[in-house]
Amino acid sequence: MSKKLIAAYQRDLEQATSYAEWREIATALDRLEGADAWKQDEMSDDYDYLLIKERLNTLRELRKSGEVRQLVFQLAEGLHGNLGNVADPVLYAYARVGTKKLVEEYIEESARCLDYVCVGDFPDFSNDEKILFFKRTGTSFGRSALLLSGGATLGMFHLGVIKALSEANVLPRVISGSSAGAIIASMVGTRTDEELPAMFDPESLSLQAFQTVSLRQVLAGSALMDPRQLLNCLERNISPGSFIQAFERTRRILGVTVSPAEAHQSARLLNYLTAPNVTVQSAVLASCAVPGVFPPVMLDALDFDGVKHPYMRSKRWVDGSIANDLPMLRLARLHNVNHYIVSQTNPHVVPFMREQNPRRRSVADVVQHVATTATRDVLKLTRNYVGAAVPGRIVDMLNDVLQQRYSGDISVFPKQSPTQLMRMFSNPSQAAIASFIRDGERATWPKLERIRLQTRISRAFEDCLFWLKEQGLRRHGEVRRGPAPRSTGERLKLAAVDGRRTGDNS
């Protein structure tokens with residue numbers, strides 16, 4: 001009976017139409033298959049459960065007693081993204097929803113303590129001291145970013161990933177995209193939270209980006225696709241303006257990667273720090289310029305009067321996926337990112353991705369690693385003999401593609417079909433867009449609880465620091481610029497109540 005019931009639940013899980021439905025079924029399966037009992041048992045060789053239990057009890061007691069300075073001391077001492085190995089993927093491989101109950105309680109208590117320190121009124125701990133604590137400890141802890149890969153039309157899958165993250169209120173503020181991923185990232189990065197839902201309505205989207213040119217133009221050296229059609233698509237879907245204007249309007253940190261079209265240049269991550277005046281639309285146009293499909297692009301920038309000018313007039317840029325599909329190192333340096341959520345749709349990458357079992361490395365993983373290493377060595381050897389001419393550039397391009405890391409701490413990817421691959425450079429219908437969104441959501445649902453838990457503390461740092469700065473502006477009669485993070489208000493209201501009743505037993 002149990003096996004039949006499990007099989008029935010598994011069929012229902014595959015047909016779930018919302019995350020709430022999926023989670024309810026997955027939780028029932030965890031109970032039937034014994035994963036729920038594993039979650040309740042705090043003991044495990046996979047993490048330091050004694051350390052986590054000790055810290056949980058300490059933080060909880062200090063919060064209830066209202067000893068804010070001791071609480072701040074303990075938070076600063078112990079907040080680390082992988083304290084006691086709590087972020088190890090193996091802890092998320094046993095259950096469909098969540099992990100050890102002890103780990104979940106520790107993460108939630110840590111975030112609750114941050115909220116409590118943030119909004120509490122403490123005579124011996126001033127707002128200036130609070131801001132200093134949140135800046136220093138938050139910088140030490142780090143933050144998460146969402147990275148969207150290239151993949152032409154296959155990149156519409158990213159819409160479903162973002163929809164799932166947004167509805168669960170765990171969409172990172174730092175979002176980077178390459179090629180097709182740059183289109184979706186920029187659609188998000190130029191919209192406020194209130195404007196996001198329109199992105200997920202296929203009828204409101206106009207994603208007709210591809211239009212072939214004539215044979216005469218191809219023979220004359222032109223690319224296969226008309227860049228004007230792609231630009232029209234971008235203008236319909238991405239708000240006009242520069243990276244700094246997008247940041248000031250939405251407070252999202254948008255990044256777009258571009259690759260150089262010629263030698264002696266390096267790939268770039270364009271954002272409000274590295275290229276504040278570059279227009280988002282021209283950056284995305286360049287990031288989508290697949291060599292041979294679209295021509296290289298010159299970037300545009302806005303001056304202080306809002307007048308458009310060429311940016312580095314002599315330089316042209318192409319597809320960001322070639323050399324920097326997932327700019328993890330740059331994001332780490334610029335924005336203190338140390339946790340990466342990746343939505344990967346590149347057709348040369350997805351076939352080699354699989355849901356890894358961290359408890360067992362398969363023979364396929366070993367073979368893939370050996371093959372990749374051997375290919376890199378062959379390319380290095382070939383480069384020594386072909387010189388710096390066109391063949392050398394092609395070898396360099398192939399080497400760039402092979403050298404990159406294409407997965408993150410948490411990776412979401414689709415099940416690609418031959419039919420989808422054949423339509424990579426075709427304009428998607430509304431039905432196709434709806435299908436991509438549904439696939440992206442369904443692929444994200446099994447990762448949502450892990451994402452929520454592993455970003456919970458960093459989101460608390462961001463929200464608290466924003467709230468404290470806003471309070472400071474209000475005291476000085478100033479008005480903040482840009483909207484507050486959507487999660488901030490209600491959660492910190494609850495923390496304020498908690499701060500006024502420090503002697504409770506909750």
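The structure is a predicted model, so local features are taken only at pLDDT of at least 70 and side-chain atom pairs only at pLDDT 80 or more, while totals for chains, interfaces and linings use all residues. Residues are numbered from 1 along each chain as its sequence is written, and side-chain values rest on heavy atoms, with hydrogens and water left out.

On the overall picture, the protein comes to 20 helices and 9 strands; both are DSSP runs numbered from the N terminus, helices being H or I with at least four residues and strands E with at least two. Of its 506 residues, 49% count as buried, where buried is under 20% relative accessible area, exposed is over 50% and partly exposed is in between (1.4 Å probe, protein chains only). A contact means heavy atoms within 4.5 Å. Among contacts with a separation of 6 or more, 77% come from residues 24 or more positions apart.

Next comes a helix pair. Helix 6 (residues 101-119) packs against helix 19 (residues 430-475) at an angle of about 0 degrees, and their axes are 9 Å apart. Here the axes are lines fitted to C-alpha atoms, for helices over the stretch in contact, and the angles between N-to-C directions run from 0 to 180 degrees. The two helices, helix 6 and helix 19, are therefore roughly parallel to each other; the cut-offs are under 35 degrees for roughly parallel, over 145 for roughly antiparallel and 65 to 115 for roughly perpendicular, with the rest oblique. On the helix 6 side, the residues that meet helix 19 include Glu104, Ile107, Leu114 and Cys118. Their counterparts in helix 19 include Arg452, Phe461, Cys464 and Trp467.

As for the strands, strand 8 (residues 337-343) is mostly covered, with 6 of its 7 residues buried. Strand 8 pairs in the parallel sense with strand 1 (residues 143-148) over 6 bridges, pairing being called when DSSP finds at least two bridges between two strands. In this pairing, alanine 145 stands opposite tyrosine 340 in strand 8. Strand 8 also pairs with strand 9 (residues 410-412), again in the parallel sense, over 3 bridges. There, serine 343 has valine 412 in strand 9 as its bridge partner.

Glutamine 281 sits in helix 13 (residues 280-287) and counts as buried at 14% relative accessibility. A polar atom of its side chain lies 2.9 Å from the backbone oxygen of isoleucine 238. Leaving aside residues up to four places away in sequence, glutamine 281 touches Leu234, Glu235, Ile238, Ser239 and Pro240. Aspartate 36, in helix 3 (residues 35-40), is partly exposed, with a relative accessible area of 26%. The C-alpha atom of aspartate 36 is separated by 7.2 Å from that of alanine 95, 59 residues apart along the chain.

How values were computed
A polar contact is a pair of N or O atoms within 3.5 Å; within protein, one must be able to donate a hydrogen and the other to accept it, and residues adjacent in sequence count only if both atoms are side-chain atoms.
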